[in-house]
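Reader: I have the sequence and the model open side by side. Could you walk me through what stands out?

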Amino acid sequence: MDKLITAVLVGAGNRADVYASVAKRHPDKIKIVGIVEPDEKRRELMRKKYDVSAETCFSSVEEFTAREKFADAVINGTMDHLHVITSVPILKRGYDLLLEKPFAVNEAEMKLLNDTAKMCGRRVVICHVLRYTEFYRAIKRAAAGIGDIISIEMCEHVNYHHMAVSYVRGKWRSEKVCFAPMLLAKSCHDIDIMLWMMKGSGALPSSVASFGSDFQFGRERKPEGAGSRCMADCPFVNECIFSAKANYLAAVRWGQYVWRCLDGEELTDERKAESLRKDNPYGRCVWDFDRDGNVDHQNVIINFSNGAVGSFSMIGGSAKSERNIHIIGTRGEVKGTFEDSKYVVRRMAPDTKAGYIEEAHDLRVEGDMIGASGGHGGGDENLVLDFVKYINGHEVSDSCATLEDSTVSHLTVFRADEARRTGSVVKIY
Ligand SMILES: NC(=O)c1ccc[n+]([C@@H]2O[C@H](COP(=O)([O-])OP(=O)(O)OC[C@H]3O[C@@H](n4cnc5c(N)ncnc54)[C@H](O)[C@@H]3O)[C@@H](O)[C@H]2O)c1
């Protein structure tokens, strides 16, 4: 029988909380036994939530790794640019690691983490949660039955309020803040899915081209007469699609980001409104942020070593969030939409009137598909349970994104961004 896996949360923010919540639902599989979090209020909140002893709560990784190893693994949910700097001492202390994406923000960091994991002989799994959704697992199974893959077309439409909260007002607005351009911060998952679909072919991404820009945001696009804070001085507060009042007060959206600054306080409507009027960064006008060249849309074209091609479009600013995938093989095709949890498989059939036979599938997955409250269509929970199995000595599963695996997709994203910045075709492998 598998043993109960003990884990320490490093960076006890939103994502760490999502993963730790699996311990509440599966107390026989995983237990949180330590917390490393510099924000004292947050540390205490999470300590109480997961019933962790104060003895094993720390304000820094240095303090934590000065102690002998006392758990099986670490769940690292720090922000993008802290992943490598915090993970290196953790690996050296002998912990296996579940690490958020992007696992590194540049190629030098990517190499350092790979070298350290290898040197320490530790297992590192990257949180590519989409691989664990019923939808992408079904697409992968179906793709295995359509012959050799010729082409993969994918897109990710990030809706306007998700775009505004995360990539304009939020933590991923600018590389100066999070060190990760939008393709890396948002869509390294999608590029990972594309490469995961191609994995069986043995082909590697060989070169990449990319285009993108900031189409909608930046000070020069600010409507004339708009204020600096939606609820304090903006005459467009009741009509702007990005209005903080409409998106965070009237509609209950993105609370995990918008109300983080009120951690520990009673969240009354009055207190929320006051914070948006005064000092909450999510109450600021979307056209007032320095985005430092970050994009709101980007297209990527990848050439594979066997001649197959992949294309991916990320568009931040759609009405509805949607991920589409269309894979064409030499014997058929697979096409689906993640948010609808529906896909079709078409197979060549020259003896039929249409020339093909189509099977429609409805997976009827319910719940949160975009991860606004941490669901990712079941991917978050499946990822943690699979990590627990891996740490328990089971074979690595097909969905598991090991560090080695994820390095291929991260390198592809780094090179795609280089292609966009330089306007050239960049070699990958
Ligand atoms: N897998 C996914 O689908 C997915 C979805 C959203 C976000 N993410 C990624 O998850 C990561 C975390 O995002 P989040 O929204 O949970 O962030 P967060 O800000 O809520 O949490 C990060 C926590 O790390 C703490 N921290 C800061 N410095 C630290 C240090 N030196 N050592 C330890 N802790 C430190 C912060 O105080 C904070 O509590 C990001 O890299 C993000 O890109 C992944």
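Reader: How do the residues of the shell around the ligand divide by class?

Author: Happy to start there, with a note that this is a predicted model, where local features need pLDDT of at least 70, side-chain atom pairs count only at pLDDT 80 or more, and totals for chains, interfaces and linings use all residues. Residues are numbered from 1 along each chain as its sequence is written. For classes, Ala, Val, Leu, Ile, Met, Phe, Trp, Tyr, Cys and Pro count as nonpolar, Asp, Glu, Lys and Arg as charged, and the others, Gly among them, as polar. On that basis the shell has ten nonpolar, eight polar and seven charged residues.

Reader: Which residues around the ligand come nearest?

Author: A residue counts as near when its C-beta atom, placed from the backbone, lies within 6 Å of the molecule. There are 25 residues around the ligand, and those that come nearest are Gly-11, Gly-13, Asn-14, Arg-15 and Glu-100.

Reader: From which domains does the shell draw at least three residues each?

Author: Domain bounds here come from an automatic or database domain assignment. That assignment also gives a domain 3 (219-288), and the C-alpha centres of domain 1 and domain 3 lie 32 Å apart. The shell draws at least three residues from each of domain 1 (5-122) and domain 2 (130-215 + 294-376 + 398-427).

Reader: In S5, what is the bridge partner of Val-74?

Author: Strand S4 (residues 73-76) and strand S5 (residues 96-99) run parallel, joined by four bridges. Within S5, Val-74 has as its bridge partner Leu-97.

Reader: Are H5 and H15 roughly parallel or roughly antiparallel?

Author: Axes are lines fitted to C-alpha atoms, for helices over the stretch in contact, with angles from 0 to 180 degrees between N-to-C directions. Helix H5 (residues 107-120) and helix H15 (residues 403-422) pack at about 170 degrees, their axes 11 Å apart. Angles under 35 degrees count as roughly parallel, over 145 as roughly antiparallel, 65 to 115 as roughly perpendicular and the rest as oblique. H5 and H15 are therefore roughly antiparallel.

Conventions. Helices (H or I, at least four residues) and strands (E, at least two) are DSSP runs, numbered from the N terminus. Two strands pair if DSSP finds at least two bridges between them.
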